[in-house]
Structure formats: C-alpha cells, structure tokens
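Please have a look at the picture first.

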Amino acid sequence: MAGFSRNVLSSSLVAVLFFLLLSFSEARDHLVGGKTDSWKIPSSESDSLNRWAEKSRFLIGDSLVWKYDGKKDSVLEVSKRDYVTCNTSSPIAVHNDGNTKIELTNSGAYYFISGAKGHCEQGQKLIVVTLSENNMRRFMGAPAPSPTEFDGPAMAPTSNSATLKAGLFMGFGVLIGFLF
C-alpha cells in the first residue's frame with residue numbers, strides 16, 4: 001500500500017510541476033488593469049494603470065487587451081516623448097474599436113495614452129515593460145521592473161521560446177528520472 005501512495009504522490013507532483021512549467025512558457029492575454037472598465041482617468045495615483053503594470057510580468061508574445069467605449073475613447077501607442085508630453089498628434093498606432101488587443105513582440109518599454117482630449121493629462125496612460133527570456137530568468141522571484149523608472153534601450157531577445165520550452169522539458173525529464 002505504501003508503494004501505491006508513493007506512486008500517486010509522485011505522479012501528482014510531476015503533474016503539478018508540468019503545469020507550473022508550462023504556465024511560465026505560454027503567452028498570456030493581460031486585461032489592462034485587470035478588469036474591463038480600467039481604461040479611464042484614474043481616481044488617484046494609487047489607482048493608476050502603471051501601478052497595475054508594476055505588479056505584472058509581461059513577456060514577449062504576451063498580449064494586452066483593452067475593453068472600453070470606442071465611441072468615446074481610444075488607445076494610442078506612442079513614443080516615450082509623446083507619452084511624457086501627452087502628445088496625441090503623431091502616434092505609432094491608433095486603436096478605437098473598444099476591444100483592442102496588442103501583442104508584445106519585442107522586449108523593452110511600450111507607451112500608451114488615451115486619445116480622448118485631456119484624458120492623458122489627467123493620468124490615463126500606461127507604460128508596460130516587456131522582459132526578454134534572459135531577463136525573465138534574472139527577474140524570476142524579484143519584483144517586476146517599475147515602468148515609470150525604466151529608461152533603457154529595448155534589449156533584443158537572444159533566444160526564442162522553443163529554447164526555453166526545451167530547457168523546461170529537459171528539466172522536467174530529469175525530475176521524472178529522479179523520482180522513479
């Protein structure tokens with residue numbers, strides 16, 4: 001009976017570790033602010049979207065999803081300078097469909113502001129810092145980098161997700177061999 005319990009426990013542990021490792025390597029959709037009505041003027045500094053972004057990890061391949069009234073507002077992807085000055089006249093991209101999804105394809109900072117007149121000046125803006133896979137390994141367990149303090153160039157990814165997945169599955173295989 002003890003052998004059966006050990007096998008069930010080992011199998012359960014392996015399954016949990018497998019899904020945990022898989023969750024680290026799969027791209028995710030992040031609902032901006034964590035709820036559907038977040039793309040709005042914040043009621044306070046502590047309610048700002050940058051506070052939400054500081055608590056989140058964004059990896060290459062992840063996507064940001066905005067839910068908002070496309071008749072009253074829009075999401076503008078802008079340069080750092082336009083973010084700081086709330087300049088809406090020369091955005092990198094304009095999104096006004098009310099259900100915007102933007103894939104994070106590079107590591108580094110992404111800057112977003114509201115396209116509604118006066119909203120950016122009142123704090124309706126967001127900085128997201130996307131980590132490369134090398135930085136992800138370095139930051140695992142550490143607090144997320146502050147998007148308001150990020151001032152470095154975007155770092156080019158040095159490996160692809162297939163490399164990360166292969167490494168995770170090799171480690172998983174070693175663990176299975178160790179348990180059995």
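Is the link of Cys86 and Cys120 left-handed or right-handed? The link is left-handed, with -70° about the S-S bond. This is a predicted model, in which local features need pLDDT of at least 70, side-chain atom pairs count only at pLDDT 80 or more, and totals for chains, interfaces and linings use all residues. Residues are numbered from 1 along each chain as its sequence is written, and side-chain values use heavy atoms, leaving out hydrogens and water.

The structure holds 1 disulfide, a term for a pair of cysteine sulfur atoms within 2.5 Å. Its S to S distance is 2.1 Å. The pair links distant parts of the chain, 34 residues apart. The table places each partner among the helices (H or I, at least four residues) and strands (E, at least two), which are DSSP runs numbered from the N terminus.

| Cysteine | Loop between |
|---|---|
| Cys86 | helix H3 (80-85) and strand E5 (93-95) |
| Cys120 | strand E7 (108-114) and strand E8 (125-131) |

Both Cys86 and Cys120 are buried, meaning under 20% relative accessible area with a 1.4 Å probe, protein chains only.

Now to the cores. A nonpolar core is a set of buried Ala, Val, Leu, Ile, Met, Phe, Trp, Tyr and Cys residues joined through side-chain atoms within 4.5 Å. The largest has 16 residues, of which Trp39, Leu64, Trp66, Phe112 and Leu126 touch the most other members. Helix H2 (49-54), strand E3 (63-67), E7 and E8 each supply at least two residues of this core, and H2 gives the largest share, 3 residues. Apart from it lies another core of 9 residues, including Leu76, Tyr83, Tyr111 and Ile113.

Notes:
Buried means under 20% relative accessible area, exposed over 50%, partly exposed in between (1.4 Å probe, protein chains only).
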